[in-house]
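Here are some short notes on the model. Please read them with the structure open.

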Amino acid sequence: MSSVAAVENVTFAYDDRPVVEDVSLSIEKGEFLGLIGPNGSGKTTLLKILLGLEQPDSGAVELFGTPASKFTDGTRLGYVSQQSSEADSMMPVTVREVIEMGRYPHAGLRRLNDDDHRVVDDALEQVGIVDLADRRINQVSGGQKQRAYIARALASEADLLALDEPTVGVDADSVDQFYDLLTELNEGGMTIVLIEHDIGVVAEYADTMACLDCELYEHCETDRFLESGALEKAYSSARVLRSADHSSAEYATGD
Amino acid sequence: MSIERLESWNRPIGLLAAVPVVVAAFYVLIYVLFPPLFDGFWGATCGTFDTWLVCSGFLQRGFTAGILIGITAPIVGAYLVNRQMALIGEALAHMAFGGVAVGLFVGAAVPSLDYPLLFALVAATLAALCMQYIAIRTDGYADIPIAVMLTGGFALGIAVISYGVTFHATVESYLFGDILFVPFENVQLMVGLTMLVIGTVALTHKQLLFITFDREAARLARINVRFYDTLLIVLTALVVVAAMQILGAILVAGMLVIPVAAAMQFTNSFNRGLVLSVVFGQVAVFGGIFLSYQWDVATGAMIILVAIALYLWSVIV
């Protein structure tokens, strides 16, 4: 089987609030999957379960054919989150140093060698930020920062790139270029999972789409998906209407 | 598959085999190579400058200890500061002070156990592991265990001291630091601790930096985050105990934090910042010792004041 990542009958709850319920989803090699859903629909949680960062309450997770709990080859996974944590807004780290982190799991306890540095240079070039290499990561624009994180995944030689609303706070021109870069990587064989609230963007770039609102509504090719009515179903579910009343509470607990 | 399994077995065994080699190397360096090196260096320096500052045996030992602290404290501090854990050193230092008090008490009763710094080492390490455990087990704010240990260690120390018979001068030297009170075996202990810290950081710098910068991504890359967290906090405990002799339990955290804070103002690169913070650490130690000698004030306090002056300068420039 060529499935890169698969979850089967996965359920996850924060305390007694179910976030993901009985979801099965399989991502094939080379797929560009757009994962959409209303606020608080469990997209981020599902993605984290998929990557082995969270343990589901029940159900099975496989990465590259190995159960996620036993999967050790973390270099094959790349993750670009929403505008990242507080630490990187203060910490003095150059763009190059961030990308070098992609080589760290390869290097283990040894020093980075010439091969490592060559891979880092290639990654910088591939995402087009060679001239920013020595800038501080928190002094480049949002779009450039996200490119740097993609370059880190490239330096790590990841086969699966997961992105969680990567373009929040990125200006419109850069967003287009960013998605062109993703398309380019996907054509080069990279499997991509993208969480995005802008359905238009997802429909334009993704091969397949899936819609999640606690349970999975549909997962199929983009064209079929748009005609399937899954979107309307998910966005008009009782859950969404209820959470519209409590949107602040939903925000507080995250999605 | 079988080869992979063999390799995965091989690594821990290989690491275990390295332990006696490392211990032997430490022994040779600390007990065989270091003493003649120490005498040779200070003999030559004294011959060149010929002032009490470098010719007194007390100050030679204090100076050496200071230089070692100026290396290790900023190195460990660089990771701590960028994890917003700046005050953890202070908490561990206070626990180490509690350990010293217990050590002095036990040492007064059992002369063969009269080695308070060893008690401090044990207390600080236990406190470090305990803090790590609390951090994993609870969801509370990170500064709660810090506040508990900070006051708890001090409370323990004061309780034991008030109960037992201890010289005030000895207690004060651990509380406020005393550069004239560093016996040669403590200098040797510090050489050992310094080598241990530098060696460990040299090997694990990449993992520590990755986790410091992006915890989630480090977990994703299947780096053992908890192991390296524990390693860092234990290293901090070692550094704190080493630094306590010069700076005192109350001022130790300053050396972990201030040189790093100053260095971070000057550079965009973490690696360059690490080197620069060691440079600032050395400036603070040298400047502090020199000024305290000139003006006849407490050395630990002067070191921290010089470090703060450096920091203010870095902010203004």
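1. In β2(A), A:Ile27 is the bridge partner of A:Ala5. Helices (H or I, at least four residues) and strands (E, at least two) are DSSP runs, numbered from the N terminus. Strands pair if DSSP finds at least two bridges between them.

2. On conventions: this is a predicted model, where local features need pLDDT of at least 70, side-chain atom pairs count only at pLDDT 80 or more, and totals for chains, interfaces and linings use all residues. Residues are numbered from 1 along each chain as its sequence is written, while chains are lettered from A and ligands numbered from 1 in the order in which they are written.

3. Strands β1 (residues 3-14) and β2 (residues 17-28) of chain A run antiparallel, joined by 8 bridges. Their hairpin has 2 residues between the strands, and A:Asp15 takes a positive phi near 50 degrees there.

4. β1(A) also runs antiparallel to strand β4 (residues 58-63) of chain A, with 5 bridges. Look at A:Val7. Its bridge partner in β2(A) is A:Leu25. In β4(A), the partner of A:Val7 is A:Val61.

5. Now the interface. In all, 25 residues of chain A are in contact (C-beta atoms, placed from the backbone, within 7 Å) with 22 residues of chain B. On the chain B side, α8 (184-213), α9 (215-220) and α12 (270-295) each supply at least two residues. α8(B) gives the most, with 6 residues.

6. What is the class make-up of the side of chain B that touches chain A? It has 9 nonpolar, 8 polar and 5 charged residues. Here Ala, Val, Leu, Ile, Met, Phe, Trp, Tyr, Cys and Pro count as nonpolar, Asp, Glu, Lys and Arg as charged, and the others, Gly among them, as polar.

Technical notes
Two residues are in contact if their C-beta atoms, placed from the backbone, lie within 7 Å.
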